[in-house]
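Hello,

I am handing over the structure below. Notes on what was found in it follow.

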Amino acid sequence: MSIFSSTKSQGPPTPGFPKRYGITDPISEDLPNQADLIQTRKLTDCLKSYGVFEDDLELQHREKVVKKLELLFKEWLKETCEETNVPELVTEKVGGKVLPFGSYHLGVHSKGADIDALCVGPGFLERKDFFTSFYEKLKAQEEVKGIRAIEETYVPVIKLNYEGIELDLIFAQVALKSIPENLNLLDDKMLQNIDKCCARSLNGYRVTEEILSLVPNIYNFRLALRAIKLWAKRRNIYSNMLGFLGGISWAILVARICQLYPNATASTLVIKFFKVYSLWVWPIPVRLRIVEDCYYNLPFWDPRINLSDRCHIMPIITPAYPQQNTSFNVTPSTLTIITEEMEQGHVVAQEIQQEKADWSKLFEMPNFFEKYQHYILLQAASATERQHLEWVGLVESKIRLLVGILERNMYISLAHVNLQPFPGPRKANKRDGVSTMWLIGLVLNTEVSKKLKIDLTSDLLSFTDSMCCLAEGFKILEEGMTISAKYVKRENLSWEMPNGEHKRVFSPKPEAAVSHHISATVAPSHTPPASAGQPSTQRKGWPQSEIPARTTKVDEDSVSVTKDSSVHASGPSKPTSLSVIPQATKRPRSPHSETSSKFKPDEEATQKTKHTCSEESPTGISLSKGPSPSVSQPSNKRESQPTVELSDPLPGPTMPVTTVKHQIKLQLISRRK
């Protein structure tokens, strides 16, 4: 039976026969040979050299921290019962559980990794008590540092450091008067009549438990998953937030390989992992078992019923009710990058199997600065460290939306964000100013024309405007917070050193056949409005009349670039200039002028996605904000494409963002010998 089939459900084992795992029969049940065992020892030694294992003392310390937190939680539950006049008999037996889940519970966490833990309480408690009185109780503990409650998120969480261990605590109520020690949260009936917020909190633990129960050999699964996680991190494709795959997605992918090769050693599982997924036909979903819908009015991933689920391009489905897609953030660009890495991993794995290479070759890190010719440099700056923590977190969580905007430009075939941010230069004349930078590599579709000019002005402006709207909506926008986006060619990439010196990170090599020439000139600080009577910009999948863009002066013989130009925006509390650095296009202009746009943030980050293929904007941005003094607003219609998840729109800033726009034209000229 094909591994892509999903029609056969997992049933109880037949008496006298071994238990079957997964939705299909295994591909191979061969037992390992001596060579497989030797390769597994080599893989283990290689993983140890990268420091992925914790020693026994560190593991014991983590266990003690979890037990101490559970004691505090039980103590708080009793105190709350007494304060609310709950009967004494109920108070004595109220119980309480703190259950780890995620990578720690799977047994594949790395050194210094945080612990995700679920706090389960009785149904008569209120969620707000967890984020008020229990938060205060934790804050009063001497061992607790850096505690903060984050309620305005998809899964509300309390983040803290307890005795040097980072923890994320979430809360769920169950319809019980007391929480017994043998609480079974895998029973689907526990979700009946439960609110969606508690269902999401329970989902992490339930999925983790189901994964462990659906693999034939937990030891081999853990070792193989450690190897795949290390590979994904070093190849820069481990991040659900930035549009790649998170820990739970990688765990499900590895668990499926364990089901297909139930007797294989860890080294064989890793080799088969790359073989299977380099051939996988997306969007055929990866799933560990068939999950039946209990119809408890909870979001349930089912593309046969939900039209939005059909837009998911790389579905990896959780094995617990309500089943959800863990890879809903994957975009066409990130899918391309992931599949390319899978194929490259398969080539290296074959060399390892043939003893032409060792395991360290699989974990080699790519040089992101040499991979692309064109880059967007995104920078978020703040006046103080306190401001910067929240500002950077917000910007980083939305970078994938900028990637989505860029990849839908008809002249950009791929946009790849580097997962590793780096500190930017300190703000001028401000000793405590701080900034963080991200690099996005671009692949241009230069086959359209030998002479091509691409303008990214509207794309970059829409994102920077959106971030200002979001920051104000979350009430974190303060004076000194700015965001800018700047085009940089590979040859000009450089970092500012502490002594103020700029160090170039790439030395260009001479090219024989194709030359990309850019000459820089400083553009005026103001740009005249777009002239009327010009055609609209064309973009992939958009009707021509729907995309207004700013006026560009076309120069057929040379290339002009605004020196050090960027898209720059700050909050309405202190309007600052917006400079623009687009990328190059010979796109015609519309008679309309540009505007700032209103941003719609991510919706509930689960598989019940709110984006619809037929009506939503491919950029994930609602352009309904009122015009600002110098930027006018495009009226973009939404297109039939898979998009990022969106939630209810936030109100725009009460004060418009003043903008000054610099234009950039980049011409790519292909010269034949």
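Setting aside neighbours within four places in sequence, W231 is in contact (heavy atoms within 4.5 Å) with I237, W250, F273, F274, E341, M342, L362 and F363. This is a predicted model, in which local features need pLDDT of at least 70, side-chain atom pairs count only at pLDDT 80 or more, and totals for chains, interfaces and linings use all residues. Residues are numbered from 1 along each chain as its sequence is written, and side-chain values use heavy atoms, with hydrogens and water left out.

W231 is also among the residues with the most contacts inside the largest nonpolar core, together with F221, W250 and F273. That core has 107 residues. A nonpolar core here is a set of buried Ala, Val, Leu, Ile, Met, Phe, Trp, Tyr and Cys residues joined through side-chain atoms within 4.5 Å. Buried means under 20% relative accessible area (1.4 Å probe, protein chains only). A second, separate core of 30 residues includes L72, V86, V98 and I165.

Helix α7 covers residues 218–234; helices are DSSP runs of H or I, at least four residues, numbered from the N terminus. Twelve of the 17 residues of α7 are buried, among them F221 and W231. The buried residues of α7 pack against α1, α4, α6, α8, α9 and α10. At the N-terminal end, N217 caps α7, with a side-chain oxygen 3.1 Å from the backbone nitrogen of Y219. After α7 comes N236, whose phi is positive, near 60 degrees.

R206 is found in helix α6 (residues 196–213) and is buried, at 2% relative accessible area.

Regards

Conventions. Buried means under 20% relative accessible area, exposed over 50%, partly exposed in between (1.4 Å probe, protein chains only). Helices (H or I, at least four residues) and strands (E, at least two) are DSSP runs, numbered from the N terminus. The expected span of a helix is 1.5 Å times one less than its number of residues. A polar contact is a pair of N or O atoms within 3.5 Å; within protein, one must be able to donate a hydrogen and the other to accept it, and residues adjacent in sequence count only if both atoms are side-chain atoms.
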